Amino acid sequence: MPATRELLALQSVDGELVVRRARLAEIAPLLGDDSAIRTLTQRLASEQTDVDSALSRQQEFDSVIAGFTERVDAAEKRLYSGVVVNPRELQDLQADVNMLKRQRGHEEDSLLEVMVELDTARGARDASAKELESLKVSWAAEQESLTAEKQRLEAEVTDLERRRADAVARTPPPEVALYEQVRRNHTHPVAQMHNNACNTCRVGVPMRTAQEVRTSSAPVRCPNCGRILLPE
């Protein structure tokens with residue numbers, strides 16, 4: 001009879017190795033991957049640029065408006081000083097004051113728009129800064145967890161590889177070779193026979209084959225799926 005226990009142990013170990021190695025492959029690209037942080041950092045930098053631009057334009061409007069206010073104050077001071085008495089000159093001076101006030105009003109309207117834009121830009125920047133801070137904290141925690149998981153899985157893989165080597169050493173080489181051959185086509189190369197049927201593909205086997213599975217010293221394969229059949 002073939003090395004039933006060893007073949008099943010080998011298959012069990014290989015199944016566990018597949019799971020752990022697959023998880024290690026998933027973890028590998030995640031460790032050190034700070035692309036989300038870098039993307040958010042770039043967005044924050046862009047939003048800070050928007051804030052700086054709006055703030056610069058606000059300061060420009062403030063300066064222009066201050067200039068108009070200075071000119072209006074000077075013109076009104078002259079208008080009401082009593083120095084100018086000529087009606088025509090007074091009319092022209094009043095027209096200048098009105099024009100300066102209208103121009104200042106246009107600049108003040110534009111300033112209000114820029115101030116709204118600045119508030120919006122600051123809000124977006126502050127929200128991104130808060131999000132970035134939170135993301136860094138969660139990323140650090142995730143990296144710590146992934147690192148610990150990686151170390152645990154690597155230790156388990158090392159132990160499983162040792163157990164696999166022990167199982168291989170206990171199994172006759174021809175049966176190991178057949179096992180590896182079948183495993184290239186089937187994740188689970190070993191199947192047990194139950195009620196004269198392969199318990200993996202669920203197809204019944206001929207009575208003669210079933211008897212060989214129970215009594216033969218060499219491995220017997222399922223006529224349907226090709227897996228190595230072991231008795232119950």
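Modeller: Start with handedness: the crossing of helix 1 and helix 3 is left-handed. A crossing is called left-handed if the near helix is turned anticlockwise from the far one by less than a right angle, and right-handed if clockwise. Helices here are DSSP runs of H or I with at least four residues, strands are runs of E with at least two, and both are numbered from the N terminus. This is a predicted model, in which local features need pLDDT of at least 70 and side-chain atom pairs count only at pLDDT 80 or more, while totals for chains, interfaces and linings use all residues. Residues are numbered from 1 along each chain as its sequence is written, and side-chain values use heavy atoms, with hydrogens and water left out.

Colleague: Which classes of residue make up the contact of helix 1 with helix 3?

Modeller: Ala, Val, Leu, Ile, Met, Phe, Trp, Tyr, Cys and Pro count as nonpolar, Asp, Glu, Lys and Arg as charged, and the others, Gly among them, as polar. The contact of helix 1 with helix 3 has eleven nonpolar, no polar and 14 charged residues.

Colleague: At what angle do the axes of helix 1 and helix 3 cross?

Modeller: Axes are lines fitted to C-alpha atoms, for helices over the stretch in contact, and angles run from 0 to 180 degrees between N-to-C directions. For helix 1 and helix 3 the angle is roughly 155°, and the axes come within 9 Å. Angles under 35 degrees count as roughly parallel, over 145 as roughly antiparallel, 65 to 115 as roughly perpendicular and the rest as oblique. Helix 1 and helix 3 are therefore roughly antiparallel.

Colleague: How do helix 1 and helix 4 pack?

Modeller: Helix 1 (residues 4-27) and helix 4 (residues 173-183) meet at about 40°, their axes 11 Å apart. The two are therefore oblique to each other, and their crossing is right-handed. Contact means heavy atoms within 4.5 Å. Helix 1 contributes L7, L10, Q11, D14 and V18, and helix 4 contributes E175, Y179 and R183. By class, that contact has four nonpolar, one polar and three charged residues.

Colleague: Is L132 buried or exposed?

Modeller: Buried means under 20% relative accessible area, exposed over 50%, and partly exposed in between, with a 1.4 Å probe and protein chains only. L132, in helix 3 (residues 87-170), has 7% and is therefore buried. Leaving out residues up to four places away in sequence, L132 touches I37, L40, T41 and L44. E117 is also in helix 3, but at 37% E117 is partly exposed. With the same exclusion, E117 touches A54 and R57.

Colleague: Which residues make up the largest nonpolar core?

Modeller: A nonpolar core is a set of buried Ala, Val, Leu, Ile, Met, Phe, Trp, Tyr and Cys residues joined through side-chain atoms within 4.5 Å. The largest has ten residues: A191, M193, C198, V205, A210, V213, V220, C222, C225 and L229. Strand 1 (190-194) and helix 5 (207-215) are the elements that give two or more residues to this core. Apart from it lies another core, of nine residues, among them L7, L10, V190 and I228.

Colleague: Where is H186 found?

Modeller: H186 is in the loop between helix 4 and strand 1. Its relative accessible area is 17%, so H186 is buried. Leaving aside neighbours within four places in sequence, H186 is in contact with C225 and R227.
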